[in-house]
Amino acid sequence: MQRITSSLRFGSEILGELRDLKAQKQFESAGQGEEKPKTSFMDHLKTAVEEVNQGQISADKKATDLANGKDTNIHETMLAASQAELSFNLMVQVRNKALEAYQEVMRMPV
């Protein structure tokens, strides 16, 4: 029961965010007079995954530079590693919630 409630809550949060994005986009396009190229959910998803990947690559490069002696700032290296770990964990949690919501929808009787 708790899983269904959390999945429904997640679904309503996603719908709320999508409505906010739509309202924001309408507001922006109304204010500028010209229409921007439309971006899909897939484009946003690709951008988010690429940002997480860039964070991982940046943290890995800083760790390598620290290990090789090229960079001596351990604070920035640890900060980059923590940020990369947090963004990756967030991405995994979003994936898990989306998968749970999909499974709940598939279990619904038609």
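Met-42 lies in helix α2. The model is predicted: local features need pLDDT of at least 70, side-chain atom pairs count only at pLDDT 80 or more, and totals for chains, interfaces and linings use all residues. Residues are numbered from 1 along each chain as its sequence is written, and side-chain values use heavy atoms, without hydrogens and water.

Helices are DSSP runs of H or I, at least four residues, numbered from the N terminus. Helix α2 covers residues 41-68, and its 28 residues should span 40 Å at 1.5 Å a residue; the end C-alpha atoms are 41 Å apart, which agrees. The expected span is 1.5 Å times one less than the number of residues.

Buried means under 20% relative accessible area, exposed over 50%, partly exposed in between (1.4 Å probe, protein chains only).

| Residue | Relative accessibility | Class |
|---|---|---|
| Met-42 | 47% | partly exposed |
| Asp-65 | 16% | buried |

Val-52 and Ala-59 are buried in α2 as well, along with Asp-65. Cover for the buried residues of α2 includes α3 (74-107). Asp-65 touches Lys-70 and Asp-71, leaving out residues up to four places away in sequence. Contact means heavy atoms within 4.5 Å. Just after α2, Gly-69 has a positive phi of about 90 degrees.

Met-42 also belongs to a nonpolar surface patch with Leu-15, Leu-18, Leu-21, Phe-41, Leu-45 and Val-49; together they have about 650 Å² of accessible area. The elements giving two or more residues are α1 (2-32) and α2. Helix α2 supplies the largest share, 4 residues. Patch residues have over 30% relative accessible area and no salt bridge, with nonpolar side chains (Val, Leu, Ile, Met, Phe, Trp, Tyr) joined within 5 Å. A salt bridge puts a side-chain nitrogen of Lys or Arg within 4 Å of a carboxyl oxygen of Asp or Glu. Accessible areas come from the Shrake-Rupley method with a 1.4 Å probe.

Definitions and conventions. Patch = residues over 30% accessible without salt bridge, like charges linked within 9 Å, V, L, I, M, F, W, Y side chains within 5 Å.
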